[in-house]
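Please keep the model open while reading.

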Amino acid sequence: MAGRTPVAAVKAFAGPIQRALGCFAHGKVTVDSYDPDTEGVLKFNRADDIVLNGSARVSLSVTMRYRIVKMRSFSSPGKPWKVSTTGWIYTLKEQSGDLIADFHWHPAITPGIPFPHVHPANEVVKRHIPTGRVLVEDVLTLAVECGSAPTDGDKWKTIRSRNIENFAKGATWGVKQPGPIQKPSDLPN
Amino acid sequence: MMGGSVTVEKISEDQSWEEFDLAARRILDLPGDEVVRRWEAGEFTGQNSPELMRVLMLRPSGR
C-alpha cells in the first residue's frame, strides 16, 4: 500500500484493516506514528479482546507494528512511501476466554525466534509453531470457522478478497498462495 | 477515515504510552516503566511468554 506522503501510506495501510474489522465489530483502529524514523504501533480498541459479531462471541485482539519506508523504485507513480509490517499479535479466544490461537511475529523483541509463529490452544509446553505470513483477514476467516459472523457476508467476502489481492500487489514476502502441484510429466524437460 | 463501524485515528505518543502502561498493569501487574526497566536490564531473559510479548509489542518506540 503506497502513498504520496508518509501519512497517506499509513492511511493506505490502516484502511483495509479498518474495513475488514468493520465487518465484525465496532471500534477504533489507532496508529501512533506518521514518522518514517519511528516504528509505529497499530491497535484495534487498545489491543483489548474485542467480541466479534456472532452468537459464538469469539474475541479478537489485534496489535501490529509498522515502519514507513521510502521506496527506491515504485510501481505507483508519485507514491514513493510504503508501510512495512514489522510485527503482529492476533489473539483469538472463545467466549469462555479460552485461547483458540495466538498468532505472533515479533522479531525485534525475540531475535532468537525471528519467524512468524502460532501458540495453539491448550499449550502445556510453550512452543513456537512456524506459520507463514498471517493477515488480519486470515484470522477473521478462522474466527468465522469458530462461530463469528460478519454483519454482511457478501460485503465481507468482497473486502476479504480485495484486501488480500491488493496487499499481494505491494507485499515483498509471504502472500503468494502455492499454485497447483505439477505432475512430473507436466514439467518441462 | 470512516468505513463500516470502525474508524482510524492517529493517537499521540503520550496516549500510546498510556495504553501501553494500562496493558502492562492489566496483563503483567506491573507499571509500564517497570516493564521497560526490567526488559532493558535483561531481567525477563528467557521469559518470552505470550503475555509479555503482548505487552512489549505495545511499547511506543523511543520510550
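## Terms and numbering

Axes are lines fitted to C-alpha atoms, for helices over the stretch in contact, and angles run from 0 to 180 degrees between N-to-C directions. Helices (H or I, at least four residues) and strands (E, at least two) are DSSP runs, numbered from the N terminus.

This is a predicted model: local features need pLDDT of at least 70, side-chain atom pairs count only at pLDDT 80 or more, and totals for chains, interfaces and linings use all residues. Residues are numbered from 1 along each chain as its sequence is written, while chains are lettered from A and ligands numbered from 1 in the order in which they are written.

## Confidence

The predictor assigns the complex an ipTM of 0.90 and a pTM of 0.90.

## Helix packing in chain A

The axes of α1(A) and α3(A), residues 153–170, come within 10 Å. They cross at roughly 160°. That makes the two helices, α1(A) and α3(A), roughly antiparallel; angles over 145 degrees count as such, those under 35 as roughly parallel, 65 to 115 as roughly perpendicular and the rest as oblique. The crossing of α1(A) past α3(A) is left-handed, meaning that the near helix is turned anticlockwise from the far one by less than a right angle. On the α1(A) side, P16(A), R19(A) and A20(A) take part. They meet I159(A), R160(A), N163(A), N166(A) and F167(A) of α3(A). Contact here needs C-beta atoms, placed from the backbone, within 7 Å. The contact of α1(A) with α3(A) has four nonpolar, two polar and two charged residues. Ala, Val, Leu, Ile, Met, Phe, Trp, Tyr, Cys and Pro count as nonpolar, Asp, Glu, Lys and Arg as charged, and the others, Gly among them, as polar.

α1(A) also packs with α2(A), residues 136–145, at an angle of about 10°. Their axes lie 10 Å apart. α1(A) is therefore roughly parallel to α2(A). I17(A), A20(A) and L21(A) of α1(A) touch V136(A), E137(A) and L140(A) of α2(A). Five of the residues in this contact are nonpolar, none polar and one charged.

## Strand pairing in chain A

Strands pair if DSSP finds at least two bridges between them. β2(A) runs antiparallel to β3(A), residues 40–44, with three bridges. There, T30(A) has K43(A) as its bridge partner.

Six bridges join β6(A) and β7(A), also in the antiparallel sense. W88(A) stands opposite W105(A) of β7(A). The hairpin has five residues between these strands, and G97(A) in it takes a positive phi near 95°. β7(A) pairs in turn with β8(A), residues 117–120, through four antiparallel bridges. D102(A) faces H119(A) across that pair.

## Where the chains meet

What does each chain bring to the contact? Chain A gives 34 residues and chain B gives 25. On chain A, α1 (6–22), β2 (27–31), β5 (59–70), β6 (81–93) and β7 (99–105) each supply at least two residues. α1(A) has the largest share, seven residues. The side of chain A that touches chain B comprises eleven nonpolar, 14 polar and nine charged residues.

Strand pairing also links the chains. β2(A) and β2(B), residues 6–10, run parallel and are joined by five bridges. V29(A) has V8(B) as its bridge partner, and V31(A) has K10(B).

Key: Contact = placed C-beta atoms within 7 Å.
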